[in-house]
Amino acid sequence: MNRANVKGFTLIELLVTLLVMGLVLGIGVPTFNEFIATNRMSAAVNDLVTSLHLARGEAVKRRANVTVCPSANWQDADPDCDSSSTLAEGWVLFVDCDGATPPPDGACGQPNGVIDTNDIVLQAHGPMGSQIASRFDTDATGTQFISFGPTGFPRNLANGDSPAFNFELCDERGNHDTGGGIAAGRWVQIT
């Protein structure tokens, strides 16, 4: 039999190929999982920041209070703010006029953090994902909310609850360094 016509792999070539594939997968899969988790966190933070920018812009445009608050029933026709929920479970953005008719037809009054009959829901956002948790700074009281007044500045609710100015988003990685001194968790700070 002529050896020049034999095609295929030897056992040693096959074992070396499997070893190289095992090394590549052993290094690549954890890195890919970290990449996916970082992108998931970035998307969640970008969604929250976009809603906060929208709330501030709508407050100035409408000359009314606009509040962003957590809501577990964000998908309902009549969602409500829920003090036992977090922003990670979903949120609503609404014109918050303490039961009064919002401008330009009426006066807005102090925000109350409750979606009343005359309030207008501007946006409802779903959960950030089961891996992401949110909390707010310890200076805020009550619900995780931020309410912007007609001037675009944050303001307290009628019951005296103060808005959260610092929101922290974390996942299962905690405060793990993802490289370059960047933590896995993110802070959204409103100044």
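# Strands, disulfide and pocket

S134 stands opposite L169 in β6. The model is predicted: local features need pLDDT of at least 70, side-chain atom pairs count only at pLDDT 80 or more, and totals for chains, interfaces and linings use all residues. Residues are numbered from 1 along each chain as its sequence is written, and side-chain values use heavy atoms, with hydrogens and water left out.

Helices (H or I, at least four residues) and strands (E, at least two) are DSSP runs, numbered from the N terminus. Two strands pair if DSSP finds at least two bridges between them. Strands of a sheet pair through backbone hydrogen bonds, either parallel or antiparallel.

## Strand pairs

Two of the pairs are set out here.

| Strands | Bridges and direction | Residues standing opposite |
|---|---|---|
| β4 and β6 | 4 bridges, antiparallel | S134 and L169 |
| β1 and β5 | 3 bridges, antiparallel | T67 and S147 |

Strand β4 covers residues 133–136, and its partner β6 covers residues 166–170. One face of β4, with S134 and F136, is covered, while the other, with A133 and R135, is uncovered.

Strand β1 belongs to an open sheet of 4 strands, ordered β3-β2-β1-β5, with antiparallel pairing. At its edges are β3 (120–125) and β5 (146–148), each of which pairs on one side only. From one strand to the next, the twist averages 15 degrees; such angles run from 0 to 180 degrees between N-to-C directions, along axes that are lines fitted to C-alpha atoms, for helices over the stretch in contact.

## The disulfide

The whole structure holds 1 disulfide, a term for a pair of cysteine sulfur atoms within 2.5 Å. This link joins C69 to C81, with an S to S distance of 1.8 Å. The link is left-handed, with -75 degrees about the S-S bond.

Are C69 and C81 buried or exposed? Both are buried, where buried means under 20% relative accessible area, exposed over 50%, and partly exposed in between (1.4 Å probe, protein chains only). Another cysteine, C170, is partly exposed at a relative accessible area of 22%.

## A residue in a loop

R63 is found in the loop between α1 and β1. Although R63 is not a glycine, its phi is positive, at about 55 degrees. R63 is exposed, with a relative accessible area of 53%. From C-alpha to C-alpha, R63 and G90 are 26 Å apart in space, and in sequence they are 27 residues apart.

## The largest pocket

A pocket is an open set of points on a 1 Å grid over the protein atoms alone, where a 1.4 Å probe fits, with protein on both sides within 12 Å along at least five of seven lines; lining residues have an atom within 4 Å of a point. The largest pocket has about 210 Å³ of space, a volume filled by probe spheres set on the points. Its lining includes V49, H53, F148, P154 and I190. Helix α1 (11–62) and strand β7 (186–189) each supply at least two lining residues, and α1 gives the largest share, 4 residues. The lining divides into 7 nonpolar, 4 polar and 1 charged residues. Here Ala, Val, Leu, Ile, Met, Phe, Trp, Tyr, Cys and Pro count as nonpolar, Asp, Glu, Lys and Arg as charged, and the others, Gly among them, as polar.
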